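Open the structure in your viewer and keep the selection panel handy. We will go from stop to stop, with something to select at each one.

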Amino acid sequence: MNKNNFLKFILHRYPFLFIDKVISFEKKIYLISKFRVCPDIFFFSGHFPKNPIFPGVLILESMMQSAGILCGISYKNIFKKLYYLTTIKNAKFKRLVFPNDVLNIKIFFLNHHKNFIKFNGFAFVKDLLVCEAIITIYIQ
C-alpha cells in the first residue's frame, strides 16, 4: 500500500508523518509498515548534533500512526475520525536509531473496548528490535 492509499486513514502529514509505506496487513490482526529515517529531518540539527539520533518518542509515534492506519483499514465506521493516544505501557528502547536507518514497524491488534483499541507494537532496524510497547488509542 503506497503513501497515497494509506494517507486517507490518518490525518498526519509531513513533517510529522513517520510512515513511508505499508508492507502488509490483515484487518483487526496486524500491520507492517516502514519508515526511512532521512538524514535531513529538521530536528537532527538539534538532537545530538554531532551524533544525530532518531528520538525514541518518534519511534513510538511511528507505531501509533501505524495503529491508526490499521484502525482505518479495519473499521469502516471510524474512517477519517481523530485518533488520540491514551496510554503507552511497557515501552522499552533496546537500540539507537540513526539517520538512514529503515524502521520496520509491526503492530498487532490486542483488543477493542468501546472507543479504545489496544495494540502491541514493535520497531526493528534490520532484524534487531529497537523498541517495543503496548499502546492504546482512543477514537473520537
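Begin by selecting N104, which is found in strand 4. Keep in mind along the way that this is a predicted model. Is N104 buried or exposed? With a relative accessible area of 14%, N104 is buried, because the cut-off for that label is under 20%. Now show side chains around it: the side chain of N104 makes a polar contact with that of K34, at 3.1 Å.

The largest nonpolar core has 41 residues. Select F54, M63, I69, L103 and F119 to highlight the residues with the most contacts inside this core. Then colour by element: strand 2 (30-36), helix 2, strand 4, strand 5 (116-125) and strand 6 each give two or more residues to the core. Which element gives the most? Helix 2 does, with 10 residues.

Stay with helix 2 and centre on I69, which has its place there. I69 is buried, with a relative accessible area of 0%. Which residues does I69 touch, not counting those up to four places away in sequence? Select F6, F9, I10, I19, V22 and L31 to see them.

Now for a charged pair. Side chains of opposite charge can pair when their charged atoms come close. How many salt bridges are there to find? The count comes to one. Select K94 and E132: they form a salt bridge, with the closest N and O atoms 3.7 Å apart. K94 lies in the loop between strand 3 and strand 4 (102-113) and E132 in strand 6 (residues 128-139), so this pair ties together parts that are 38 residues apart in sequence. K94 is partly exposed, with a relative accessible area of 45%.

Zoom in on L82, in the loop between helix 2 (56-74) and strand 3 (83-93). L82 is partly exposed, with a relative accessible area of 33%.

Methods. Residues numbered from 1 in each chain as written. Predicted model: local features only at pLDDT ≥ 70, side-chain atom pairs only at ≥ 80, totals over all residues. Heavy atoms only, no water. Helix = DSSP H or I, 4+ residues; strand = E, 2+ residues; numbered from the N terminus. Buried < 20%, exposed > 50% of the residue type's maximum accessible area, 1.4 Å probe, protein only. Contact = heavy atoms within 4.5 Å. Salt bridge = Lys/Arg side-chain N within 4 Å of Asp/Glu carboxyl O. Polar contact = N/O pair within 3.5 Å; in protein donor to acceptor, adjacent residues only side chain to side chain. Core = buried A, V, L, I, M, F, W, Y, C linked by side-chain atoms within 4.5 Å.
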